[in-house]
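I'm opening my notebook on this one.

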Amino acid sequence: MIKKDPIIEPVSGNNPSDGFDPMYQWACDLFPIYRSLSGDGVRETLDYIKALLPGLFIKEFKSGTKVFDWTVPNEWEIIDAYIEDENGNKIVELSKHNLHVVGYSEPINRWMMLDEINEHLFSLPNNPYAIPYVTSYYEKNWGFCLTHKQRESLLPGKYHVVIDSSFKKGVLNYGELIIKGSSNKEILLSTYICHPSMANNELSGPVLTMAIARHLSSLDLDNRYTYRILFLPETIGAISYLSQNLHKMKNNTIAGFVISCVGDQRDFSIIQSRSGKCLSDRVLIHTLKQYCEKPTTYSFLDRGSDERQYCSPGVDLPVSGFSRSKYATFPEYHTSFDDLSLITQRGLEESYSVMIDVLRILENNHKYKTSILCEPQLGRRGLYHKIGVENTGISHKKSSVNLMMDFIAFADGYSDIISIAEKIGCRATDLIDIAKLLWDHNIISIPKLEIE
Amino acid sequence: MIKKDPIIEPVSGNNPSDGFDPMYQWACDLFPIYRSLSGDGVRETLDYIKALLPGLFIKEFKSGTKVFDWTVPNEWEIIDAYIEDENGNKIVELSKHNLHVVGYSEPINRWMMLDEINEHLFSLPNNPYAIPYVTSYYEKNWGFCLTHKQRESLLPGKYHVVIDSSFKKGVLNYGELIIKGSSNKEILLSTYICHPSMANNELSGPVLTMAIARHLSSLDLDNRYTYRILFLPETIGAISYLSQNLHKMKNNTIAGFVISCVGDQRDFSIIQSRSGKCLSDRVLIHTLKQYCEKPTTYSFLDRGSDERQYCSPGVDLPVSGFSRSKYATFPEYHTSFDDLSLITQRGLEESYSVMIDVLRILENNHKYKTSILCEPQLGRRGLYHKIGVENTGISHKKSSVNLMMDFIAFADGYSDIISIAEKIGCRATDLIDIAKLLWDHNIISIPKLEIE
Amino acid sequence: MIKKDPIIEPVSGNNPSDGFDPMYQWACDLFPIYRSLSGDGVRETLDYIKALLPGLFIKEFKSGTKVFDWTVPNEWEIIDAYIEDENGNKIVELSKHNLHVVGYSEPINRWMMLDEINEHLFSLPNNPYAIPYVTSYYEKNWGFCLTHKQRESLLPGKYHVVIDSSFKKGVLNYGELIIKGSSNKEILLSTYICHPSMANNELSGPVLTMAIARHLSSLDLDNRYTYRILFLPETIGAISYLSQNLHKMKNNTIAGFVISCVGDQRDFSIIQSRSGKCLSDRVLIHTLKQYCEKPTTYSFLDRGSDERQYCSPGVDLPVSGFSRSKYATFPEYHTSFDDLSLITQRGLEESYSVMIDVLRILENNHKYKTSILCEPQLGRRGLYHKIGVENTGISHKKSSVNLMMDFIAFADGYSDIISIAEKIGCRATDLIDIAKLLWDHNIISIPKLEIE
């Protein structure tokens with residue numbers, strides 16, 4: 001047994017005097033920027049983030065680099081894109097909405113018949129007022145997205161199709177922020193920055209991650225864990241990053257979270273890791289149950305973001321996805337309707353509180369062991385009711401003394417705070433405060449095994 | 001990792017150009033033969049089977065041989081048996097129905113009063129038109145079985161009771177067919193041939209097993225597993241066989257099935273092994289769920305056929321029972337009503353399909369591991385949709401691409417095809433085809449550990 | 001395998017010629033004695049028990065002894081206590097009811113105003129005719145308990161408050177009875193003797209434990225296990241005892257029971273050990289299910305008696321609590337309403353039968369293994385029905401032959417009697433008789449591993 005204070009408060013909720021960071025405002029600022037896998041829009045976005053998180057490093061992978069089964073693509077630059085009718089009316093125009101052009105479209109400048117154009121048009125018959133979000137990253141193609149209403153109004157005839165885009169050897173950018181803790185063991189936070197002009201999916205993830213990172217960076221107290229915080233283009237970004245950092249991450253990561261679609265107020269959900277039982281699954285499910293009665297629990301079969309890479313066989317990082325309304329489940333998903341009206345400052349703040357609780361629990365999630373055989377005498381330490389009247393049959397809620405006694409009764413050196421809280425049916429965050437008190441009174445200790 | 005083609009198709013369904021074997025006709029041919037534990041009826045039956053399965057060996061155990069706790073009984077020969085009234089009317093007559101005489105009855109030739117005879121008569125008050133099936137293999141006795149209606153019509157008086165039977169040192173016959181595979185590891189198929197003139201229990205088992213064996217024998221492709229296919233008298237046959245083959249079978253058997261009562265169309269059921277968790281349990285339950293919504297799952301407490309021996313403590317073979325309407329659960333069981341009207345060619349064919357699926361899954365049930373870290377890029381291999389439009393929020397059924405991605409996501413080298421199919425909620429047979437495709441593209445491999 | 005008779009009957013139910021011990025009468029005898037943690041009342045109680053259990057040792061811990069986190073308190077003597085009004089009327093009087101004075105009250109002799117006295121009065125507004133039971137063992141204090149009705153009738157004014165009590169260095173007494181078995185392995189029975197003048201909680205526990213101990217003491221047959229039977233003051237008694245005996249008890253205890261609140265007829269319940277899975281949990285739950293359809297299963301969160309000490313982390317004895325209506329769950333709990341009308345001889349006798357079954361199962365709870373490969377031939381041993389008519393489709397209850405066959409089928413050397421009974425869905429006590437029969441016929445044996 002080692003006896004030293006393990007209770008730290010690196011992430012103990014927002015300072016009420018500050019109020020919350022203006023996450024919604026950040027999302028508004030970032031919304032108009034044209035983001036894709038790579039290019040100036042991504043760099044502009046990362047610069048904005050770095051202004052708020054000075055410790056961030058903006059890094060890059062070179063086009064053409066082999067990363068596992070993939071190759072880092074060329075940079076794509078888009079100057080302009082439109083379809084013009086014979087009267088010179090621009091009827092679909094990138095400058096009107098970032099979603100109008102298929103991501104990574106090849107350049108084209110040609111008069112074509114509507115019939116020919118049609119197989120390059122994307123619209124949603126069942127959602128006729130929405131512009132869909134479509135990309136063709138790894139297949140040479142071009143295309144325009146438009147509302148189904150507009151598409152139905154197009155008259156047969158000739159149109160001038162212009163996509164002024166170019167590909168060049170360049171880089172794939174990403175942001176990396178490492179916040180050192182007293183331990184080499186790490187917690188991973190990962191979000192993605194490749195989606196243009198959609199709000200819940202995906203500006204909510206980056207702005208929430210920024211707020212969490214600012215909170216972690218500003219702490220005076222030492223944090224126990226090291227935090228690896230990533231702002232990546234989805235899929236290729238995570239794959240590229242893992243191809244360079246896998247060994248270290250496998251050795252050190254104790255939990256991780258892909259943060260995506262966290263800005264609306266309709267749901268709280270988790271996308272479980274492949275096993276469904278890793279530490280991140282356990283802490284996130286426990287915490288979500290404090291925020292709503294029935295958080296939605298998606299299995300790994302419903303994965304869709306970078307947990308696909310982090311949890312893939314052989315990579316096997318203990319990573320869960322955290323969402324409010326998960327991607328691919330809400331009606332506005334991957335359309336122009338996923339705009340700034342879908343997310344709220346309050347939705348983001350609730351998500352922030354969830355993640356702060358999650359990290360606080362992880363920082364304090366020891367496997368405590370009672371230092372005393374049989375029940376300790378709480379009375380002589382002033383920890384117990386003065387007199388035994390509590391047991392006269394008058395029912396009462398579980399008092400903090402009962403919670404304390406239950407915690408001691410299950411503090412066997414094998415059960416962590418989360419599992420004891422689940423057994424008792426209380427909040428892990430409540431047990432942290434109790435553990436602090438008991439630690440101060442030398443009633444519990446931490447098995448040597450657990451100290452790194 | 002070893003890289004060689006593991007996908008074989010030794011048991012991949014019936015060749016549609018052939019149609020199914022005429023299993024029902026075989027049952028009709030075998031129905032009139034008087035079978036018991038041993039004797040000419042059993043030999044005649046085995047000769048019939050060998051005519052269709054030339055690889056079958058007809059073998060024997062000598063009467064008096066000690067086999068574990070048992071002794072191989074003498075051969076019993078029955079020439080004739082009847083009860084005659086004083087007017088010379090034969091009122092119960094073996095020649096009218098094979099079930100009329102209690103199996104292994106001792107010889108008798110005597111005039112007796114009805115009162116005396118009564119304790120040697122067996123009938124079913126609750127099923128008054130059925131002749132019951134009764135045997136007395138290990139207790140010297142004699143008796144007649146008749147419908148309760150007939151019994152009630154017997155007038156008091158004297159009757160001439162004749163059983164012209166004899167016992168002699170002889171043999172207990174059985175049929176054994178070994179079909180070699182590339183591995184020494186074996187799959188056991190066991191059925192029994194000792195029941196006279198009943199159809200579901202038990203001509204359905206032998207004729208289905210014959211059809212499966214013919215299919216396995218005729219394959220051009222090498223099968224992975226060796227098949228041990230047994231046509232035995234129930235209980236004493238299995239015990240005798242195990243007494244000579246236990247060591248080899250314990251070393252090699254990966255799964256086995258007792259095939260019994262598989263000819264009607266009323267149910268699909270499994271009798272689980274003692275643990276309820278062995279490979280045969282898993283594959284059979286998985287497969288039955290593809291054939292009906294709620295297959296009946298009997299625990300080992302409901303055992304009744306040779307799984308009693310194969311799964312007994314110390315023998316411990318991984319064997320399940322496969323039935324349609326299980327013995328002892330259907331009203332016609334062990335009576336003259338279990339006749340050829342109870343089973344159908346279609347019932348037998350459905351059972352055949354179940355077992356062919358089961359064996360195909362077992363042959364291909366590898367613990368695949370993805371060869372590639374992070375998700376493979378299916379796109380550049382032509383395995384992925386051309387463009388990302390599938391994710392625009394339009395719901396669709398799980399496509400084969402999604403199935404493929406899910407399979408890759410769970411192919412961790414520890415989970416076999418069956419368990420991955422259960423996780424995904426798809427058919428293991430679907431995954432076999434997908435695994436073949438991924439194998440061809442070097443996306444998955446088989447852990448060296450698994451290769452024998 | 002070792003082959004010798006393991007079936008013993010040390011605790012095989014009460015001898016019907018004796019009838020049951022007069023447990024209710026014992027409770028009546030003990031009811032008026034003023035018991036507390038220590039002192040003359042406790043000694044008088046132990047003397048009464050010793051008269052019925054001559055093997056009992058009355059032992060002691062000296063006041064001031066350090067026992068883990070606690071100190072053995074001084075002896076408390078109470079001569080008299082009352083509140084008198086100005087007219088000399090004694091309005092609350094210890095001599096009227098033992099519960100009127102707070103346990104371990106300090107001496108006082110003073111005229112006080114009602115306002116001052118009020119914070120030393122305890123009553124139950126929601127149960128206005130009951131006197132509550134209150135103690136203040138470890139906090140210097142004094143007080144009176146009275147019905148709320150009486151309290152409301154007190155007029156403002158001056159009262160003479162007298163508590164003629166004293167504290168002195170003395171001892172904490174307890175009773176210990178060790179009944180040697182053939183093995184060093186032990187079963188613990190623990191009950192407490194510190195509650196004054198309450199019947200279910202807690203004279204029922206001591207009188208039931210006395211009857212069990214008398215039964216165990218009087219056995220002619222050797223018992224397998226050693227029994228450690230304790231009559232202790234609650235909490236401090238168990239802690240003191242463990243501080244001296246923990247090492248031996250941890251090495252030897254295979255199961256244990258805290259016996260408390262076992263005299264009424266309203267419920268059967270278990271308070272599970274911390275794991276909920278130890279041998280005492282398994283055998284007690286199994287047995288209770290034979291006595292009522294739904295015994296109440298309390299988790300360790302509902303602990304309240306000395307299982308709090310026996311199951312505390314680091315002590316970790318396999319101990320469950322056995323109750324009818326558990327402490328803190330019935331309306332009369334810890335009040336004057338928990339009197340002799342609450343318990344009955346019949347309630348105590350049913351509890352006795354439960355515990356006798358529990359101990360009989362434990363004594364015979366071997367992990368049997370069939371000595372014979374494949375099914376044994378019960379027929380030639382006269383253990384089987386004479387003829388196979390039982391299987392003619394006439395449904396019948398599980399016969400003893402079927403039970404015997406099921407037992408053999410699961411007797412794998414790894415499953416104990418309790419787990420086999422749970423699988424089969426029968427009573428473990430039924431299997432004991434069957435095991436005896438099979439043992440006599442050399443059909444089962446006990447793995448060498450299990451022999452101590």
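To compare copies, I superpose them by least squares on the C-alpha atoms of residues with pLDDT of at least 70 in both. This is a predicted model, where local features need pLDDT of at least 70 and side-chain atom pairs count only at pLDDT 80 or more, while totals for chains, interfaces and linings use all residues. Residues are numbered from 1 along each chain as its sequence is written, and chains are lettered from A and ligands numbered from 1 in the order in which they are written.

**Entry: the symmetry.** I laid chain B on chain A and got an RMSD of 0.1 Å, using a turn of 120 degrees and a shift of 0.1 Å along the axis. That is the relation of a three-fold axis. Which residue of chain B comes closest to the rotation axis? I found B:K277, with its C-alpha at 13 Å.

**Entry: A against C.** I counted 25 residues of chain A in contact with 30 of chain C (contact: C-beta atoms, placed from the backbone, within 7 Å). On the chain A side, β17 (369-370) and α10 (400-410) give two or more residues; helices are DSSP runs of H or I, at least four residues, and strands runs of E, at least two, numbered from the N terminus. The largest share, 3 residues, comes from α10(A).

**Entry: helix α7 of chain B.** I see 13 residues here (279-291), reaching 19 Å from first C-alpha to last, close to the 18 Å expected (1.5 Å times one less than the number of residues). Elements of chain B covering its buried residues include β13 (253-259) and α12 (428-440). Among those buried residues are B:V283 and B:L284 (buried: 20 or more other C-beta atoms within 10 Å of its own, all placed from the backbone; exposed: 12 or fewer; partly exposed: in between).

Note on methods. Contact = placed C-beta atoms within 7 Å.
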